[in-house]
Amino acid sequence: MRNEIIDCSEMLSKTFDCIEKSTLERNNKFYSSWKSVVTKINRMGDKEFGQKLYDHSSIVDIKNGTLLVETDHPGWSQMMQFYSKFIINGLKMYIPEMEIKSIVFRTKGSNAILNSIDYNSEFNKENKKMAEKYEKENEFLNKYKKSDETKKTESNELPEDLKSMFDTIRQTMLTKNRNN
């Protein structure tokens with residue numbers, strides 16, 4: 001660790017040197033567009049409603065055309081969801097290059113994140129796992145059924161001494177019926 005002291009301006013310039021100006025401008029445009037669109041929302045004559053929505057929400061992330069918005073209460077998330085089409089259309093007008101297709105909401109503290117995982121590939125992986133598991137269970141059940149059927153056919157066969165006893169009883173019964 002270096003023990004040299006650097007002044008504040010040098011520290012700030014080192015911090016901001018890695019940030020590209022175009023990225024900063026794009027982000028500023030995005031956030032100002034977000035505020036512009038959300039604050040235009042009116043609800044039954046309440047002109048301050050859009051400002052309230054904006055005050056209780058913040059943008060967390062954007063990936064694959066999905067915007068993750070955080071609100072400080074689930075009620076605000078529901079209200080934002082109600083106006084999500086309006087917000088998406090407004091953002092498309094202001095910043096079409098962002099290609100926002102949907103909005104996802106989370107409540108502050110829930111730590112939900114947007115994954116950059118392809119849904120179809122994950123679905124196919126899980127589907128394959130389930131099919132393999134199903135196949136293994138079917139094999140086990142079929143093996144069990146076969147062994148159970150074998151036991152049943154084996155259990156239908158009586159030992160010879162028991163067969164002879166039943167034959168004797170049957171003969172006795174037949175003989176008694178003839179004598180009556």
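Where does Glu99 lie? In this predicted model, in which local features need pLDDT of at least 70, side-chain atom pairs count only at pLDDT 80 or more, and totals for chains, interfaces and linings use all residues, Glu99 is placed in the loop between α5 and β3. Residues are numbered from 1 along each chain as its sequence is written, and side-chain values use heavy atoms, with hydrogens and water left out. Helices (H or I, at least four residues) and strands (E, at least two) are DSSP runs, numbered from the N terminus.

Glu99 has a phi near 50 degrees, a positive value in a residue other than glycine, and is exposed, with a relative accessible area of 53%; here exposed means over 50% relative accessible area, buried under 20%, and partly exposed in between (1.4 Å probe, protein chains only). Asn64, in the loop between β1 and β2, also has a positive phi near 50 degrees, and with 58% relative accessibility this residue counts as exposed.

Strands are taken to pair if DSSP finds at least two bridges between them. Strand β1 (residues 57-63) runs antiparallel to β2 and is joined to it by 6 bridges, with Asp61 standing opposite Leu68 of β2. These two strands form a hairpin with 2 residues between them, and Asn64 belongs to the turn. The pairing of β2 with β3 is in the parallel sense, over 6 bridges, and Glu70 stands opposite Arg106 in β3.

In a regular strand the side chains alternate between the two faces of the sheet. In β2, Thr66, Leu68 and Glu70 point one way while Leu67, Val69 and Thr71 point the other way, and all are buried. Because 6 of the 6 residues of β2 are buried, this strand is largely enclosed by the rest of the structure. Thr71, which lies in β2, is buried with a relative accessible area of 1%. Leaving out residues up to four places away in sequence, Thr71 touches His56, Ser57, Trp76, Ser77, Met80, Arg106, Thr107 and Lys108, where contact means heavy atoms within 4.5 Å.

A nonpolar core is a set of buried Ala, Val, Leu, Ile, Met, Phe, Trp, Tyr and Cys residues joined through side-chain atoms within 4.5 Å. The largest such core has 21 residues, of which Trp34, Leu53, Leu67, Ile87 and Leu91 touch the most other members. Apart from neighbours within four places in sequence, Leu53 is in contact with Val38, Ile41, Trp76, Met79, Met80 and Tyr83.

The helices α2 and α5 pack at an angle of about 135 degrees, their axes being 9 Å apart. That angle makes α2 oblique to α5, since angles under 35 degrees count as roughly parallel, over 145 as roughly antiparallel, 65 to 115 as roughly perpendicular and the rest as oblique. The axes are lines fitted to C-alpha atoms, for helices over the stretch in contact, and angles run from 0 to 180 degrees between N-to-C directions. In this packing, Lys29, Ser33, Trp34, Ser36, Val37 and Val38 of α2 meet Phe86, Ile87, Gly90, Leu91 and Tyr94 of α5.
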